[in-house]
Amino acid sequence: METTQVYGMPRIGDAAPEFKAVTTQGDINFPSDYKGKWAILFSHPADFTPVCTSEFMTFASMSKDFEALNCQLVGLSVDGLYSHIAWLRTIKEKIEYKGMKNVEVTFPLIEDITMEVAKKYGMLQPGESATKAVRAVFFVDPKGIIRAVIYYPLSLGRNFDEIKRVLIALQTADNFGVATPADWRPGDDVIVPTAGSCGVAKERMEGLQEGVTCYDWFFCTKKLPKEEVEKKLGK
């Protein structure tokens, strides 16, 4: 009887699965090498493919933005190291796209020809492809805990502004003990946690808590200036 292999995926709140790997920037031990920093581990289907090329150029062009947020980028595909190196050299020497040219990818790109890491992180989705990793994005916090996961199919290039927005929102939630509403950007109102007592809820509903606006007992917001958010980013 033929059995179907099950590909699991780590969940939000799990410790990031550990692995050692060879990369274009040397050997890494994930996530322990990144302790104290945020890390974004992301996969792409294959080297020398157009959607992946556009993504790597975009990520590389934004790498300083992520570094300023105390975040390191780590890429992965199931190709070999020499393929990675040749592809990244081609990107730097030959590809000009949307005003980006001479783009050098300085973050590590993992060799995963055994698919060991891709399987650990559920990056192989048999319904999409059994031999190529989908476009997965894992946000790992400084303690090595997975805080957010985004998956895309092979045909869909990622929105890198959204990836950066997610990182900023996660850091803001941690720094200020708040939640962020739909489409939140720094400077927008944030959501205040639900009141822990009837007295506090009553004060909020009656407008007695300064700076807090309540639309109902379960939905209250407050101002959080952009300057305060930015002051703590990367912390």
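Predicted model: local features only at pLDDT ≥ 70, side-chain atom pairs only at ≥ 80, totals over all residues.

Modeller: I begin with the marked loop residue. N70 has a relative accessibility of 16% and therefore counts as buried, the cut-off for that class being under 20%. Its place in the chain is the loop between α2 (63–68) and β4 (71–77). Apart from neighbours within four places in sequence, the contacts of N70 are G36, K37, W38 and G234. C71 is likewise buried, because its relative accessibility is 1%.

The aromatic residues come next. Over the whole structure, the search returns 15 aromatic pairs. One of them joins F19 and Y121 in an edge-to-face arrangement, with 6.0 Å from centre to centre and 90° between the planes. Since F19 belongs to strand β1 (residues 19–23) and Y121 to the loop between α4 (116–120) and β6 (135–140), this pair ties together parts that are 102 residues apart in sequence. Both F19 and Y121 are buried.

A tilted pair is formed by F56 and F107, whose ring centres are 5.6 Å apart and whose planes make an angle of 40°. Here F56 is part of helix α1 (residues 50–61), while F107 lies in the loop between α3 (81–94) and β5 (109–111), so the pair ties together parts that are 51 residues apart in sequence. F56 is buried, with a relative accessible area of 1%, and F107 counts as buried at a relative accessibility of 6%. These two rings also belong to a cluster, linked through ring pairs, that consists of F42, F56, F59, F66, W87, F107 and F160.

One further ring, that of F176, has a charge placed over it: the charged end of K232 sits 5.0 Å from the ring centre.

As for the cysteines, C52 is buried, given its relative accessibility of 1%. The disulfide count for the model is one. The bond joins C214 and C220, with 2.0 Å between their sulfur atoms. Because the torsion about the S-S bond of C214 and C220 is about 100°, the disulfide is right-handed. Both of these cysteines, C214 and C220, are buried.

Terms used. Residues numbered from 1 in each chain as written. Heavy atoms only, no water. Helix = DSSP H or I, 4+ residues; strand = E, 2+ residues; numbered from the N terminus. Buried < 20%, exposed > 50% of the residue type's maximum accessible area, 1.4 Å probe, protein only. Contact = heavy atoms within 4.5 Å. Disulfide = S-S within 2.5 Å. Phe/Tyr/Trp six-rings, centres within 6.5 Å; stacked < 30°, edge-to-face > 60°. Lys NZ or Arg CZ within 6 Å of the ring centre and 35° of its normal.
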